[in-house]
Amino acid sequence: MEGDMKTMDSEQLREYAHKMVDFIADYYKDIETFPVLSQVQPGYLRELIPDSAPARPDSFQDVLDDIRDKIIPGVTHWQSPEYFAYFPSNSSIAGFLGEMLSAGVNVVGFSWITSPAATELETIVMDWLGKALKLPDAFLSTGHGGGVIQGTASESVLVVLLAARDKILRKVGEDAIRKLVVYISDQTHASMQKACKIGGILPRNIRILETDSSTEYALSPELLTKTISQDIALGLIPLFLCATIGTTSSAAVDPLLALGKIAKSNGLWFHVDAAYAGSACICPEFRPYLDGVEEADSFNMNAHKFFLTNFDCSALWVKERNALIHSLSTKAEYLENKASQENMVVDYKDWQIPLGRRFRSCRTSTYSGLQWELR
Ligand SMILES: Cc1ncc(COP(=O)(O)O)c(C=O)c1O
């Protein structure tokens, strides 16, 4: 790009951003003319792009031409109305504009002081969304719980597994990690097993409970009870149960109420993964699928699936935010500030794996979606 972009020159930004918006608007105008699945062969781009970065800048028009001729052919068009894989068409104009705003102000809001609005809007919007889903008050920020926007459902399940693990290990001692058992079904998303790997749960202590067509692939409470009893008899420690509302391969819905009661009576952390179908539960006719969520310790849905919010936006609520904070908080001199030290604020860095975080809550579809709901 021509010009000195070390500092943002607002007039240059205006000029180029208008061209970029035109480019993107044309992309959407033409999107149905592209083959939905990219037709390129592996490695196609190496043939088209130089081996090292150019020594001199290209013109902006050259860059746009390259994107049109070399990049767009290698794009699989997730926003095409003819795209039906995985989760289709997860964006909206409102979501896109919110994404622009997030890129525009480009804050890194890991603690309150690094951008108070980023933290406070996230807390408020997560309460709005929690209320729209009719989550129990215990998940809202007004009590001991609260919501946080993670990048993905995989990160959501990982952070709550770590919180659950550390909570129990504080009671029984660190050496007991080899005894901790996680319960899932054969329909549970693979991200749960990845979380176990990262969280130090032994592969032999992951119970993958079988499901079948007689229950439409829902996890059986009887099988769960039996398996937990067997594990306790072996001297193992039941740690974590993951139920799903809308499994990836079969759209199965696990019976939350029955499973939650079993989890509670055996001291398990109960996580509900509604990454895929959770958005639908805002509609009154689908909300009954969440009956029993009051028994859960944590609940997750991906707004970037069909809540028309640009990727990435995975909404996670917990009932006990301190469990997350105990597990994930970091202290360093360079992070110290008065508001944090006096415990006056939320520092979302302590609710997630990375330190840095984007201003995800300003993607307007999250709240404009709610405005429609609340109107
Ligand atoms: C039910 C369910 N859980 C978890 C995931 C993982 O999602 P993410 O890509 O946000 O980690 C998916 C993704 O498709 C899913 O459908």
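Guide: The shell around the ligand is made up of three nonpolar, eight polar and two charged residues. In this scheme Ala, Val, Leu, Ile, Met, Phe, Trp, Tyr, Cys and Pro are nonpolar, Asp, Glu, Lys and Arg are charged, and the others, Gly among them, are polar. Please note that this is a predicted model, in which local features need pLDDT of at least 70 and side-chain atom pairs count only at pLDDT 80 or more, while totals for chains, interfaces and linings use all residues. Residues are numbered from 1 along each chain as its sequence is written, and side-chain values use heavy atoms, with hydrogens and water left out.

Visitor: How many residues surround the ligand, and which are the closest?

Guide: A residue is near a molecule if one of its heavy atoms lies within 4 Å of it. Here 13 residues surround the ligand, and the closest are Ala153, Ser154, Thr248, Asp273 and Lys305.

Visitor: Which atom of Ser154 lies 2.5 Å from an oxygen atom of the ligand?

Guide: A polar contact is a pair of N or O atoms within 3.5 Å. In Ser154 the atom is a polar side-chain atom, whereas Ala153 places a backbone N or O atom 2.8 Å from a ligand oxygen. Asn302 has a polar side-chain atom 2.9 Å from an oxygen of the ligand. The protein covers 86% of the 400 Å² of accessible area that the ligand has on its own (Shrake-Rupley method, 1.4 Å probe).

Visitor: How is a pair of aromatic rings described?

Guide: Such a pair is described by the distance of the centres and the angle of the planes. Rings of Phe, Tyr and Trp (its six-membered ring) pair if their centres lie within 6.5 Å; planes under 30 degrees apart are stacked, over 60 edge-to-face, and the rest tilted. The whole structure has ten aromatic pairs. One of them joins Tyr27 and Tyr28, with centres 5.4 Å apart and planes at 80 degrees, so this pair is edge-to-face. Ring pairs also link Trp78, Tyr83, Tyr86 and Phe87 into a cluster.

Visitor: What sits over the ring of Phe87?

Guide: A charge sits over a ring if NZ of Lys or CZ of Arg is within 6 Å of the ring centre and within 35 degrees of the ring normal. Over Phe87 it is the charged end of Lys305, 4.7 Å from the ring centre.

Visitor: How many disulfides does the structure hold?

Guide: A disulfide is a pair of cysteine sulfur atoms within 2.5 Å. The structure holds zero disulfides. The sulfur of Cys281 is 8.4 Å from the closest cysteine sulfur, in Cys283, and is therefore too far for a bond.

Terms used: Polar contact = N/O pair within 3.5 Å; in protein donor to acceptor, adjacent residues only side chain to side chain.
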